[in-house]
Amino acid sequence: MKKVSMLDLKLEYEYMKEDIDSSIEKCLEHQRWILGPEVEQLERAIAKYLGVSHCIGVASGTDALAISLRAMAIKLKEQEYFDTTDEIITTPFTFTATGDAILRSGARPVFVDIEPETFNIDTSKIRQYLANCGHDKVVGIVPVHLYGQSCDMDQIMKIAKEYNLFVVEDVAQAFGGKWRQKKIGTIGDAGAFSFFPSKNLGGFGDGGMIATEDDKIADIARMLLRHGGMDKYNVTHIGYNSRLDTIQAATLLAKLKYVDELNNKRRAIAQSYTERLSEIPGLACPAVLPDAHHVYNQYTVRITDNKRDSVRKSLGEKGIGTAVYYPLPLHKMKVFENRVILADKLEQAEKASREVISLPIEPLLGEKEQSLVCESLKECIKDVQR
Ligand SMILES: *Cc1c(COP(=O)(O)O)cnc(C)c1O
């Protein structure tokens with residue numbers, strides 16, 4: 001029935017099987033499962049890849065965000081958590097973990113609407129909030145590089161400098177992405193990466209990483225992830241057990257060698273999709289900023305006129321897998337009720353949640369499957385417009 005699934009992780013495994021198997025076999029030999037040598041090797045390799053001073057492995061992308069934000073509170077305020085009156089600006093059109101990490105750092109998320117073209121946070125609306133709403137409570141910004149495309153980091157860093165705000169980048173969907181020539185995740189005070197299996201660099205389970213130039217943030221993050229101190233029998237901070245598994249690090253070390261190649265394949269598929277789909281009425285292909293090197297964790301189009309769900313259903317009947325990221329903006333979720341500030345009406349985020357659909361963009365997807373995705377989508381849109 002399924003002709004093209006949304007994600008086929010087996011393809012990637014088979015493509016690099018020998019590297020992965022031999023990397024995991026080394027772990028089976030040494031049996032150092034907790035903070036084994038591969039964790040430090042991966043941290044060094046990714047630091048080199050990103051061109052950043054420190055990389056710190058953690059148990060998930062969610063923890064990478066939460067620990068980065070906790071480290072900011074400890075560094076800036078010399079207290080374990082932010083105060084609930086401290087505000088952190090972010091987008092409501094993201095995975096729950098972004099907003100959740102802000103709540104867990106003690107601060108209050110401020111949701112600012114997105115740009116309709118890129119789905120990323122609208123920097124002019126960040127400015128509007130800071131100008132209109134008394135910026136004295138705002139401590140930081142968490143930009144999310146959604147679907148693999150960088151936010152406008154020139155504007156975000158300019159605003160941060162003007163208002164003395166920290167920036168923690170959510171790079172969960174954008175490993176290898178760039179803004180101008182700089183790798184994203186290394187532009188703000190810290191970057192939080194995820195190695196969830198479906199991400200551009202994905203492990204065989206959960207994993208995450210914090211990147212930073214700041215020695216102090218790095219030291220605090222290293223303590224927080226191991227129960228709050230470098231000596232776990234005598235700790236300083238309220239910590240977590242959030243170590244990156246040795247076996248995940250070993251897998252990721254093997255996969256890291258392929259990440260640029262696979263990101264380029266994603267970019268080529270995206271280009272071919274856009275060429276084939278750009279002229280279809282009722283459908284909008286992703287827009288890319290000239291300064292952004294998009295790495296397409298998702299290829300997400302917009303289907304207008306309230307036709308998204310029926311198009312998605314008929315694509316499913318033709319055996320084409322799709323996904324909706326995200327059907328509900330964060331401010332509509334119970335967990336954020338009464339715990340957040342809505343900077344504006346968030347109309348673009350709500351509209352996007354009704355119109356977006358992500359197509360299969362597995363980097364090893366064959367040409368036949370790519371055509372099938374495009375042809376089926378064209379047919380389905382025609383059908384629902386009848
Ligand atoms: C995947 C994701 C996360 C969380 O990463 P996990 O490793 O699943 O905890 C955070 N933010 C965004 C935007 C994500 O896509």
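**A guided tour of the predicted model**

Begin by selecting helix 12 (residues 347-355), where Ala349, Ala352, Ser353 and Glu355 are buried. Buried here means under 20% relative accessible area, exposed over 50%, and partly exposed in between (1.4 Å probe, protein chains only). Helices (H or I, at least four residues) and strands (E, at least two) are DSSP runs, numbered from the N terminus. This is a predicted model, in which local features need pLDDT of at least 70 and side-chain atom pairs count only at pLDDT 80 or more, while totals for chains, interfaces and linings use all residues. Residues are numbered from 1 along each chain as its sequence is written, and side-chain values use heavy atoms, with hydrogens and water left out.

Contact means heavy atoms within 4.5 Å.

Next, select helix 7 (residues 153-163), in which Met153, Ile156, Ile159 and Ala160 are buried. These residues lie on the same side of helix 7, because they cover an arc of only 130° around the axis; the arc is that of the directions from the helix axis to the C-beta atoms. An α-helix has 3.6 residues a turn, so residues three or four places apart point the same way. To see what the buried residues of helix 7 pack against, show helix 6 (123-132), strand 4 (138-142), strand 5 (166-170) and strand 6 (178-179).

Remain in helix 7 and pick Asp154. Asp154 counts as partly exposed, because its relative accessibility is 32%. Residues up to four places away in sequence aside, Asp154 touches Trp179 and Arg180. For a distance check, select Leu256: 102 residues separate it from Asp154 in sequence, and the two are 28 Å apart in space, C-alpha to C-alpha.

Move to Asp63, in helix 4 (residues 61-77). With 14% relative accessibility, Asp63 counts as buried. Beyond its neighbours within four places in sequence, Asp63 is in contact with Val58, Ser68, Arg104 and Ser242.

Finally, display the whole chain. The protein chain has 13 helices and 14 strands, and its C-alpha trace spans about 65 × 60 × 35 Å along its principal axes. Buried residues make up 56% of its 386 residues. Among contacts in the protein chain between residues at least 6 apart in sequence, 73% join residues at least 24 apart.
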